[in-house]
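Hi,

Here is the structure I promised to pass along.

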Amino acid sequence: MTQNIQTLKSELASMIEAANDLDSLEQARINALGKKGRITDLMKTLGGMSPEERKTTGQALNDLKDEIAALIRTQEDALKKQAMDQRLATETLDITLSPRPERKGHIHPISQTMEELVTIFADMGFTVAEGPDIEDDWHNFTALNFPPGHPAREMQDTFFLPEDPDEQELYAKKLLRTHTSSVQIRHMKENKPPIRIIVMGRTYRSDYDMTHTPMFHQIEGLVIDEHIHMGHLKGCLRDFCEAYFEVDDLPMQFRPSFFPFTEPSAEVDIGCSRKDGGLTIGAGEDWLEILGCGMVHPNVLKNCGIDPEKYQGFAFGMGIERIAMLKYGIPDLRTFFESDTRWLDHYGFAPQSRPNRALKD
Ligand code: DAH
């Protein structure tokens with residue numbers, strides 16, 4: 001019997017060792033320890049043995065059972081480890097892959113244009129000032145010399161907001177600023193001349209068509225100092241236009257106009273040609289209006305506590321979308337705000353691209 005057990009043991013052990021996957025290992029287990037397995041069969045023979053023999057054989061069979069079970073566990077661990085190693089080697093997950101097909105980001109033409117504007121005006125010694133989008137009637141109109149009830153207030157289709165009962169009366173009537181000129185007032189009240197600032201930001205008017213959207217962007221310029229005159233205004237705007245549109249000797253005309261906050265006031269046109277549906281800036285016989293400007297009205301200076309006998313200044317304002325459309329040939333203003341990535345792929349800019357050249361010395 002002992003001999004039998006030894007032979008069975010080495011037989012089963014080599015079957016277990018030979019099992020090269022979990023399925024064949026399970027077969028080996030059933031073959032040895034299952035209900036009809038070889039060891040179980042031998043166990044069944046114990047009943048017919050003498051008590052003495054049963055004791056030794058029973059003990060030997062139990063030992064065999066334990067040893068075989070241990071061998072199976074060891075082999076099972078080895079096979080599982082092998083399977084895991086194999087999965088690790090073959091199943092790779094590249095965490096550097098983006099979850100969607102790769103898209104290139106682009107700088108929106110508004111952001112690009114604003115950067116160009118800052119670059120050009122910073123070169124001329126301007127700093128950037130800011131003010132709130134939610135304004136009050138006093139900063140947006142009254143202080144800018146729009147008298148109450150004056151028809152010029154209706155020139156701009158204002159979005160009015162509910163009055164603010166917590167605000168002092170002068171500032172209670174809230175609105176979305178219709179132009180960045182309100183920041184002129186805020187800046188002059190807080191700062192003493194000399195002043196040389198640009199302001200860029202969102203402005204709001206109730207209007208919607210190919211060249212108007214309810215929200216758009218403006219840039220405002222303000223220079224206040226002693227002895228400032230219209231020549232400074234013209235020189236500054238000429239240098240700006242030539243740098244921005246990248247055209248030397250750009251034809252420009254200053255046309256008399258009206259704004260309540262400037263006297264005299266002008267609108268500036270640049271020369272262009274419109275042929276075959278195309279627009280070329282700097283050539284041809286047509287004119288294109290691009291901005292409003294003028295000498296700051298003495299009443300505006302007074303409203304901000306600046307003595308108009310001592311200080312004068314000029315101001316200008318223009319639509320950022322408008323000059324972006326002209327420079328980059330974008331035909332419809334509304335497309336700026338549709339968030340169509342195909343539009344951005346076409347009109348957007350690569351990061352760090354710098355299309356405008358430096359100012360002339
Ligand atoms: N605020 C004017 C507008 O929105 C633009 C403007 C014109 C601004 C003349 C100025 C200026 O500073 O001097 O239509």
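I'll start with a proline: P264 is found in strand β7, residues 262–275 (helices are DSSP runs of H or I with at least four residues, strands are runs of E with at least two, and both are numbered from the N terminus). The bond joining E263 and P264 is a cis peptide bond, with omega about -5 degrees.

Before you read on: this is a predicted model, so to speak of local features we need pLDDT of at least 70, side-chain atom pairs count only at pLDDT 80 or more, and totals for chains, interfaces and linings use all residues. Residues are numbered from 1 along each chain as its sequence is written, and side-chain values use heavy atoms, with hydrogens and water left out.

Two other backbone spots are worth a look. The peptide bond from P193 to P194 is also cis, with omega near 0 degrees, and P194 sits in the loop between α7 and β4 (195–204). N145 isn't a glycine, yet its phi is positive, about 75 degrees. You'll find N145 in the loop between α6 (137–140) and β3 (174–176).

Now the overall picture. The chain has 11 helices and 10 strands. Its radius of gyration is 43 Å, well over the 21 Å that the globule rule gives for 361 residues, so the chain is more spread out than a compact globule (the radius is taken over C-alpha atoms, and the rule is 2.2 Å times the number of residues to the power 0.38). Along the principal axes, the C-alpha atoms fill a box of roughly 130 × 55 × 40 Å.

On to the ligand. There are 16 residues around it, and H179, S181, R205, Q218 and E220 come nearest (a residue is near if one of its heavy atoms lies within 4 Å). α7 (181–190), β5 (215–225), β9 (286–296) and β10 (312–319) each supply at least two residues of this shell.

- S181: an N or O atom of the side chain is 3.0 Å from a ligand nitrogen.
- Q218: a polar side-chain atom lies 2.9 Å from a ligand oxygen.
- A315: a polar backbone atom is 3.1 Å from a ligand oxygen.

The protein covers 91% of the 350 Å² of accessible area that the ligand has on its own (Shrake-Rupley method, 1.4 Å probe).

Cheers

Terms used: A polar contact is a pair of N or O atoms within 3.5 Å; within protein, one must be able to donate a hydrogen and the other to accept it, and residues adjacent in sequence count only if both atoms are side-chain atoms.
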